[in-house]
Each structure stands twice: as C-alpha cells, then as structure tokens.
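Take a moment to look at the fold and the small molecule held in it.

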Amino acid sequence: MTENISICGSGLMGSGIAVVFLTSGHPTTIYAVEESEERVREKVQTILEYLVEKELLSISVKNIALSHLFVSNDIQDVVANANVIFECIPEKVEMKQTLFQTLDELCDPNVILATNTSVMSITEIAALSKHKERIVGTHFWNPAYLIPLVEVVKTVNTSEGVMEKTVSLLQTVGKHPIRVNKDVPGFVANRLQHALWREAIHLIESGITDAATVDEAIKYSFAMRLPVLGPIENADLVGTDLTYAIHDYVLKYLNNSPEPSKLLKHMVEENQLGVKSGSGFLPWTEEKKKETEKNLFDHLVKLVKESEKSQVKK
Ligand SMILES: NC(=O)c1ccc[n+]([C@@H]2O[C@H](COP(=O)([O-])OP(=O)(O)OC[C@H]3O[C@@H](n4cnc5c(N)ncnc54)[C@H](O)[C@@H]3O)[C@@H](O)[C@H]2O)c1
C-alpha cells in the first residue's frame with residue numbers, strides 16, 4: 001500500500017530516510033527549514049545516483065523516486081496528506097518536544113509520528129503531545145539506505161496497532177525492523193555499541209594497549225564472526241556454563257564508570273576532535289579520511305548486495 005511519507009529535517013538522516021521511502025514508491029515530502037529546495041533535491045539525487053552507480057537501483061526507479069519527492073518549508077504541506085511522519089531534526093529534546101506538539105495539533109490522530117532520536121527517551125519527546133499513542137521511536141542507522149536495522153521503540157503509551165503498522169511499513173521498504181518493548185535511553189543497538197566503546201577507550205586510557213591496536217584486536221577477531229554469530233548465539237555455542245564462569249571471573253575487571261572517560265574529556269578540551277581537527281585517538285589526513293569513508297561504503301554496498309535484504313529496485 002502506498003503511504004504518504006513526510007520527513008522533518010533535510011540533514012544526513014532526513015535525506016537518507018527519504019531515499020528509503022522514495023525508492024519503494026512512497027511519495028515523500030521533506031520539511032526543510034534551513035536549506036533551499038534545490039539543495040535538498042540535489043542531496044537526494046546524489047544518493048540515488050550513487051545507488052545506481054553501485055547497481056543497487058535502476059535508472060527508471062531513480063527517476064520515479066525523484067518525481068515523487070516534494071520539498072517544503074511550510075509545515076502545512078508536511079502534514080497535509082501524510083500517513084506517517086519521521087522526525088529527523090537535531091538531537092535536542094526541547095526542539096523535538098515542540099515539533100511533536102505542533103505535529104500532534106495539526107495531524108489527524110491516526111497519523112503515525114515517529115522520532116529518529118539516537119538515544120533520547122521517546123516518552124520525554126512526546127511529553128507535550130496529546131495523542132501519545134501514535135508516537136513511536138524509529139531509530140535508523142546511517143547510511144539509512146544501506147543499513148537495514150531500524151529500532152522500533154514502544155513507550156508505555158504507544159499503541160500496539162501503531163507498533164505493528166510501523167514494523168510492517170518498514171518491512172515493506174526492505175528494512176529490518178526490531179521491536180524494542182521498553183523505552184530506555186540508547187534502545188538496544190546503541191547500548192551494545194557504547195558498552196564496547198567504553199571498554200575500548202578504557203583499555204587505551206589504562207595503558208593496556210594503544211588506540212590502533214584496540215581496533216586491530218576487534219577487526220581481526222570477533223568482528224569477523226559477528227555478521228553470522230551474535231553474542232547470544234555465541235554464548236549458547238560455547239555453553240552458558242563457560243559464559244558464566246568467564247563472567248564470574250572477569251566482569252569485575254571491566255570498566256563500569258557511569259561518566260564519560262577523562263581521556264575523552266581531555267581530548268575534547270585540547271581540540272583533538274578526530275578527523276575534524278586532524279588528530280584524535282589517531283592522526284588523520286584528508287586522504288586517510290576519504291580512504292576510510294570509501295572503504296566503509298564499499299564494504300556496506302558489498303554486504304547489501306550479498307544479503308537477502310538486498311532489494312535491487314528495478
Ligand atoms: N547522524 C547519525 O549517524 C544519526 C544516526 C541515527 C540517528 N540520528 C539522529 O537523527 C536526528 C537527525 O540527525 P542528523 O545527523 O540528520 O542531523 P543533521 O544536523 O544532519 O540534520 C538536522 C536537520 O534538521 C533541520 N532542522 C533544524 N531545526 C529544525 C526544525 N525546528 N524543524 C525542522 N527541521 C529542522 C536542519 O536544517 C537539518 O536539515 C538526530 O536526532 C540524531 O541524533 C543521527
């Protein structure tokens with residue numbers, strides 16, 4: 001079924017999510033308040049052309065997608081015919097609360113309102129809205145048109161019907177939605193990612209090894225099996241008894257600080273911001289940044305092509 005999609009925010013995530021729906025035949029309106037219509041069209045077109053170049057999209061679908069794209073800086077156009085609205089504006093809770101309050105007032109109560117927040121409480125974002133049952137988290141990953149996962153987050157107020165409709169819509173556009181049954185900061189995948197990140201930085205801060213070696217240790221070991229063997233499958237494969245014995249011995253030695261690392265704070269204060277300033281944990285040149293980004297995109301395209309989720313849209 002064709003749904004009218006609206007997307008609030010024309011940035012990295014907004015334009016990427018628009019491509020997901022446009023390439024599946026859904027008319028999509030982008031609410032752009034800071035960028036011209038021409039600039040937003042150009043961004044979407046660049047992504048579509050990249051997908052054509054990588055043989056993930058046919059030229060005819062690209063052309064149809066562009067003909068279904070609408071861009072407006074008028075909120076009335078955004079709410080006019082929308083069935084589902086995805087919010088992709090900056091990660092600032094007050095800003096999101098105000099936008100949801102406006103959308104909630106303007107839209108018919110059966111319109112689904114979804115937020116793409118990375119880690120924030122969906123309940124808090126919905127605080128000023130009246131029809132809280134139609135507000136849901138939909139956490140896409142960047143680049144949204146290549147990474148399949150979308151975390152669909154239920155608050156205590158989100159209706160089961162809204163959860164089901166959201167999951168089903170995401171499946172029909174080739175995404176891999178997962179249900180998150182409790183609205184907790186960081187949802188599922190970001191909690192896992194940041195648990196690893198905390199220990200990675202702690203190993204460097206404690207002088208146990210250097211920054212480059214931490215990445216090497218991951219890339220040349222469990223990262224190789226993760227695509228086919230998740231940690232839970234692995235616990236069962238080695239045995240929950242062995243997993244228990246290892247946790248019983250080692251967990252007390254792992255970092256469990258509720259604060260960000262002091263090393264990280266110091267680096268930010270010293271303007272060691274990573275690629276932005278030329279050095280972070282590692283030294284960066286423009287060439288190395290471009291090479292790293294190219295490697296990442298080439299890798300993701302290869303995975304999408306190999307995956308059962310690959311939907312070469314023709
Ligand atoms: N960047 C990522 O990797 C990533 C991944 C998943 C989720 N997210 C989340 O997605 C959201 C958007 O992130 P992004 O990376 O696209 O940010 P971004 O800065 O690239 O884009 C934000 C967009 O919002 C627009 N905007 C600002 N105020 C607005 C308003 N009041 N109404 C409408 N539009 C407004 C800006 O013009 C801009 O186009 C954030 O909540 C972020 O945490 C980001």
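A backbone N or O atom of Ser10 lies 3.1 Å from an oxygen atom of the ligand. That is a polar contact, meaning a pair of N or O atoms within 3.5 Å; within protein, one must be able to donate a hydrogen and the other to accept it, and residues adjacent in sequence count only if both atoms are side-chain atoms. Ile89 also uses its backbone: a polar atom there is 3.3 Å from a ligand oxygen. Lys96 uses its side chain instead, with a polar atom 2.7 Å from an oxygen of the ligand. Alone, the ligand exposes 840 Å², and the protein buries 76% of that. These areas come from the Shrake-Rupley method with a 1.4 Å probe.

This is a predicted model: local features need pLDDT of at least 70, side-chain atom pairs need 80 or more, and totals for chains, interfaces and linings use all residues. Residues are numbered from 1 along each chain as its sequence is written, and side-chain values use heavy atoms, without hydrogens or water.

Now widen the view. The ligand has 20 residues around it, each with a heavy atom within 4 Å. Met13, Glu34, Glu91, Lys96 and Ser118 come nearest. By class, the shell has nine nonpolar, eight polar and three charged residues. Here Asp, Glu, Lys and Arg count as charged; Ala, Val, Leu, Ile, Met, Phe, Trp, Tyr, Cys and Pro are nonpolar; the others, Gly among them, are polar. Helix H1 (12-22), helix H5 (93-106) and strand E6 (135-140) each give two or more residues to this shell. Helices (H or I, at least four residues) and strands (E, at least two) are DSSP runs, numbered from the N terminus.

Two loops deserve a look. Pro143 is in the loop between E6 and strand E7 (149-153). The peptide bond from Asn142 to Pro143 is cis, with omega near -5°. Glu55 is in the loop between helix H2 (37-53) and helix H3 (59-67). Its phi is positive, near 60°, in a residue other than glycine.
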